[in-house]
Amino acid sequence: MTTPSASPVTVLGLGAMGTALATAFLTNGHPTTVWNRTAARADALLPLGAVRAEDVAEAVEASELVIACLLDYASVHEVLDPVAGRLKGRTLVNLTNGTPAQARETAAWAAGHGITYLDGGIMAVPPGIGTEQAFVLYSGPREAFDAHLPVLERLGAAHFAGVDAGLAALLDIALLSGMYGMFAGVFHALALVGTEEVPAEEFAPMLSGWIGAMATGIPHYARQIGSREYADGVVSNVAMQSAAFGNLLQAAEDQGLSPELIAPMQSLMARRVAGGHGHEDVTGIVELLRKRA
């Protein structure tokens with residue numbers, strides 16, 4: 001009987017992330033079959049013991065556990081639809097970035113072909129795979145997650161998001177949204193100080209410390225948004241913040257810098273104040289984003 005430490009794995013897709021996934025499996029002793037549309041992508045993995053499959057059918061038949069990490073969900077279907085019958089009875093873990101709707105559609109497709117399906121979201125850059133900093137979100141059948149957990153943990157901490165196949169993608173997109181929102185402010189701030197020749201490298205530690213201090217408020221904001229009680233524990237109301245926010249935009253214009261990375265916040269805060277919510281916290285602007293009751 002194959003032990004978890006030696007369970008075979010197939011990896012489909014050898015871009016930067018797919019190569020990192022395959023490397024993590026190989027360096028942890030897993031017989032690993034790899035496939036990529038451009039076969040030469042596997043060359044660097046062969047000295048580590050990887051087996052290069054000649055085609056997708058050969059790749060999926062090599063292992064009970066098949067990992068897909070492709071460009072998008074359209075690519076997943078382009079690659080796997082022709083071999084769906086060969087995947088029957090196997091577990092497909094799709095670590096391709098996509099939306100909750102795409103994940104659920106693919107889960108339904110898999111169920112229709114007798115394929116056990118886990119959708120996933122990788123929260124790491126390729127060099128971080130297999131390190132303590134990496135974690136991966138999974139959603140789908142709990143029994144499939146539990147069965148393959150020792151193998152999946154080779155990639156990073158494995159977090160089960162729920163049985164709804166779309167939940168891993170939802171959390172993935174939410175985390176990335178928070179990251180890009182932060183980056184927008186960071187890039188703007190670094191560019192702004194640069195207009196007066198303040199070295200970005202010198203300003204960065206101050207900026208990092210400030211952002212870290214402000215991030216401690218996230219649990220409080222989460223409680224407000226979760227309960228929709230935006231007047232709870234207000235320290236700096238949205239009316240005050242709206243009045244001051246114009247200075248951020250004006251300063252950028254005065255310094256010859258476009259404020260477009262941060263500008264959307266102004267109109268949202270102004271609308272919230274105009275709606276009679278000026279005494280509440282700025283978190284209330286999420287009500288203007290909700291398209292569903």
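## An aromatic cluster and an enclosed helix

Select Tyr138, Phe145 and Phe160: these residues form one aromatic cluster. The model is predicted, so local features need pLDDT of at least 70 and side-chain atom pairs count only at pLDDT 80 or more, while totals for chains, interfaces and linings use all residues. Residues are numbered from 1 along each chain as its sequence is written, and side-chain values use heavy atoms, with hydrogens and water left out.

Searching the whole structure gives four aromatic pairs (rings of Phe, Tyr and Trp, the last by its six-membered ring, with centres within 6.5 Å; planes under 30 degrees apart are stacked, over 60 edge-to-face, the rest tilted). One of them joins Tyr138 to Phe145, a tilted pair with 5.7 Å centre to centre and 50° between the planes. Phe145 also pairs with Phe160, again tilted, at 5.2 Å centre to centre and 40° between the planes.

Next, show helix α6 (residues 142-152), which holds Phe145, and strand β8 (residues 157-162), which holds Phe160; the pair therefore ties together parts that are 15 residues apart in sequence. Helices (H or I, at least four residues) and strands (E, at least two) are DSSP runs, numbered from the N terminus.

Now colour by relative accessible area: buried is under 20%, exposed over 50%, partly exposed in between (1.4 Å probe, protein chains only). Tyr138 is buried at 0% and Phe145 is buried at 3%, whereas Phe160 is partly exposed at 24%.

Finally, move to helix α3 (residues 73-80). Six of its eight residues are buried, so the helix is largely enclosed by the rest of the structure. To see them, select Tyr73, Ser75, Val76, His77, Val79 and Leu80.
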